[in-house]
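Here's a quick briefing to keep beside the viewer.

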Amino acid sequence: DSGVTQTPKHLITATGQRVTLRCSPRSGDLSVYWYQQSLDQGLQFLIQYYNGEERAKGNILERFSAQQFPDLHSELNLSSLELGDSALYFCASSAISGTDFTGELFFGEGSRLTVL
Amino acid sequence: TQLLEQSPQFLSIQEGENLTVYCNSSSVFSSLQWYRQEPGEGPVLLVTVVTGGEVKKLKRLTFQFGDARKDSSLHITAAQPGDTGLYLCAGDTDKLIFGTGTRLQVFP
């Protein structure tokens, strides 16, 4: 158990819909990261937050947005869903600040999104 | 855009064999990590290397960071079925970028 909690574990929805994925980081971790994992593209970095502020941005679509709340949990919002958005979405947290990655990222078990 | 290429993409071997997985990039990384991911779970950190030329050993696993800090390798000696999983390298630029992954299957 990594200490990172993601909900829901599985989600099935239709094209055009909107979903919200939630992540609770490990106790005390200030950084939260979101990654998308699909079969043909590996693990793609979406976005990082540190203590409520956006710290780094990757290949996140404009239809996707995220935020980190004062209690440090984070939500990833996916809207106008397309078939190609079907993937595993991972949240990770770490105690490190900024963009120093010599520390460990702890991953949740992921949220599997299926868009029909 | 994927900056880290891993090879091979798939590897299926018998228990007791040795193997090497490569992680290559044209970019220089401040540090590089290796993770292992098992089905239904998130990646778990195996090691972090930060110095060019650095070699780290973790039981039967040997990790090396290239002198120019653009590449890395993971060598497993006498593979066991418990080594089965997806191996991911991850490089630190201004964000942590993951490689394309190597799926390892070790048969008893």
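Which elements each supply at least two residues of the lining of the second largest pocket? They are β1 (5–7) and β10 (106–107) of chain A, together with β5 (44–49) of chain B. Keep in mind that this is a predicted model.

**Second largest pocket**

- This pocket holds about 280 Å³ of space.
- Its lining counts 17 residues, and the ones nearest the centre are A:Asp1, A:Ser2, A:Phe107, A:Gly108 and A:Glu109.
- Sorted by class, that lining comes out as 7 nonpolar, 5 polar and 5 charged residues.

**Largest pocket**

- The largest pocket has a volume of about 790 Å³.
- It is lined by 37 residues, with A:Gln37, A:Leu39, B:Gln37, B:Leu86 and B:Arg103 closest to the centre.
- On the chain A side, the elements giving two or more residues to this lining are β4 (31–38), β5 (42–50), β9 (87–94) and β11 (111–115).
- From chain B, the elements that do so are β2 (10–14), β9 (85–92) and β11 (102–107).

**Cis peptide bonds**

- As background, most peptide bonds are trans, and most residues other than glycine have a negative phi.
- In chain A, the bond from A:Thr7 to A:Pro8 is cis, with omega near -5 degrees.
- You'll find A:Pro8 in the loop between β1 and β2 (10–13) of chain A.
- Chain B has a cis bond joining B:Ser7 and B:Pro8, where omega is about -10 degrees.
- B:Pro8 sits in the loop between β1 (5–7) and β2 of chain B.

**Positive phi without glycine**

- A:Asn51 isn't a glycine, yet its phi is positive at about 50 degrees.
- Look for A:Asn51 in the loop between β5 and β6 (53–57) of chain A.
- Is A:Asn51 buried, partly exposed or exposed? A:Asn51 has a relative accessible area of 46%, so it counts as partly exposed.
- A:Leu72 is another residue other than glycine with a positive phi, near 80 degrees.
- The loop between β7 (64–68) and β8 (74–78) of chain A is where A:Leu72 is found.
- A:Leu72 is buried, because its relative accessible area of 15% falls under the 20% cut-off.

**Chain A as a whole**

- How many helices and strands does chain A have? The tally is 0 helices and 11 strands.
- Read along the sequence, the pattern is therefore β-β-β-β-β-β-β-β-β-β-β, and the radius of gyration is 13 Å, close to the 13 Å that the globule rule gives for 116 residues, so chain A is as compact as a globular protein of that length.
- Taken along the principal axes, the C-alpha atoms of chain A fill a box of roughly 35 × 30 × 30 Å.
- Of the 116 residues in chain A, 52% are buried.
- Take the contacts in chain A between residues at least 6 apart in sequence: 57% of them join residues at least 24 apart.
- Chain A has an accessible surface of about 5400 Å², and carbon and sulfur atoms account for 46% of that area.

Methods
Residues numbered from 1 in each chain as written. Chains lettered and ligands numbered in written order. Predicted model: local features only at pLDDT ≥ 70, side-chain atom pairs only at ≥ 80, totals over all residues. Heavy atoms only, no water. 1 Å grid on protein atoms, 1.4 Å probe; cavity = no way out; pocket = protein on both sides within 12 Å on 5 of 7 lines; lining within 4 Å. Points joined across faces, edges and corners; volume = space filled by probe spheres on them. Helix = DSSP H or I, 4+ residues; strand = E, 2+ residues; numbered from the N terminus. Nonpolar A, V, L, I, M, F, W, Y, C, P; charged D, E, K, R; others polar. Buried < 20%, exposed > 50% of the residue type's maximum accessible area, 1.4 Å probe, protein only. Rg over C-alpha atoms; globule rule 2.2 N^0.38 Å. Contact = heavy atoms within 4.5 Å. Areas by Shrake-Rupley, 256 points an atom, 1.4 Å probe, with all protein chains shown as cover.
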